[in-house]
Amino acid sequence: MKSAPFEHYEPTTVNEATSLLESLDEPTILSGGQSLVPMLRFRLANPDVVVDINGIDSLDYLEESEGYLRLGALARHADVADSDLIDERYGSFADTAPLVADPQIRNRGTVVGSVAQADPKGDWGSVLLAHEGDVVAAGPDGERTIPADEFFLLPYDTTLEPEELITEVRVPTPEPNEGSAYHKLKRKTGDYAMAGVAARLVFDDDGRIETAGIGMTAVDITNARATDAEERLEGERPSADLFEAAGELAAEQSNPESDEHGGAAYKERMVNVLTQRALGDAAERAGTVKRRVTQ
């Protein structure tokens, strides 16, 4: 099946793109296209206008600057997986990128596109939440920064305005005693997560957890933070008992639904397990423990 006819625009600057988004009637943005193109092909989506941003070279970057790791709107999953910077300093990003779908999708799909789609089974939203990241959007009135905590509203719905374009996502650069990790359960390669957990831990000089961030995948109507578990962790020294308690709190705060892949109770149990594993890896990468804390 072929897509229905549509008008196609290829801006080469952010200003040109935002002008198009403001002037056109219900435009659809194309970046990696790994969700949109199949939907066009099977006519599950029938936009009249598509704005293809792949010609905006200024959005193709992955870099550290001004205290942030910044991923431009055209940074692909594969760029993250292949980055030495990511491998050396951002454990959760290094864990996540190879787990996204399959190599073909990772080569074309973008991190920003995944965040913009706001699928609760998407991985990157949980990583952004764990790192207290931001979404940066450009629109007719200029640029604004949206904290990840305020970005996700409902499945496939965000606080992004129709005439806005996400130009980058960003997270703070790591503190000296910081570690992060992502663990994901899926049936087979290419599947979305049945459950996933991103964890970030920052330790003070005394070895206590100063800041904890936990983002959960596929166990609520959006990517969601496990705030009760975060509060339980902060101010404490890492231990198996502490991480077990945090896992139990994360599971209690999750809200999974039963489906063909498993019952809600099973998924809650997986949240518990994945939280403990992600926290153990994060603590190890921060240099506070020598081995993963097991459950």
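Is aspartate 191 buried or exposed? I began with this residue in the predicted model, and I noted that aspartate 191 counts as buried, because its relative accessibility is 16% and the cut-off for buried is under 20%. I then looked up its partner and found a salt bridge with arginine 187, the closest N and O atoms being 3.7 Å apart; arginine 187 is exposed, with a relative accessible area of 55%.

Next I turned to the other salt bridges, of which the structure holds 16. For arginine 225 and aspartate 149 I recorded 2.7 Å between the closest N and O atoms. Arginine 225 lies in strand E14 and aspartate 149 in the loop between strands E7 and E8, so the pair ties together parts that are 76 residues apart in sequence. I noted that arginine 225 counts as buried at 19% relative accessibility, whereas aspartate 149 is partly exposed at 47%. I also found both residues in a network of salt bridges that links them with Glu132 and Glu230.

I then examined the packing of helix H10 (residues 240-253) against helix H11 (residues 264-285), and I noted an angle of about 140 degrees with the axes 8 Å apart. That angle makes H10 oblique to H11, and I recorded the crossing as right-handed.

Finally I looked at the surface, where Met39, Phe42 and Leu44 form a nonpolar patch with about 320 Å² of accessible area together. Leucine 44 lies in the loop between helix H2 and strand E3, and I noted that leucine 44 is exposed, with a relative accessible area of 66%.

Key:
Residues numbered from 1 in each chain as written. Predicted model: local features only at pLDDT ≥ 70, side-chain atom pairs only at ≥ 80, totals over all residues. Heavy atoms only, no water. Patch = residues over 30% accessible without salt bridge, like charges linked within 9 Å, V, L, I, M, F, W, Y side chains within 5 Å. Areas by Shrake-Rupley, 256 points an atom, 1.4 Å probe, with all protein chains shown as cover. Salt bridge = Lys/Arg side-chain N within 4 Å of Asp/Glu carboxyl O. Helix = DSSP H or I, 4+ residues; strand = E, 2+ residues; numbered from the N terminus. Buried < 20%, exposed > 50% of the residue type's maximum accessible area, 1.4 Å probe, protein only. Axes fitted to C-alpha atoms, helices over the stretch in contact; angles between N-to-C directions. Parallel < 35°, antiparallel > 145°, perpendicular 65-115°, else oblique. Left-handed = near helix turned anticlockwise from the far one by under 90°.
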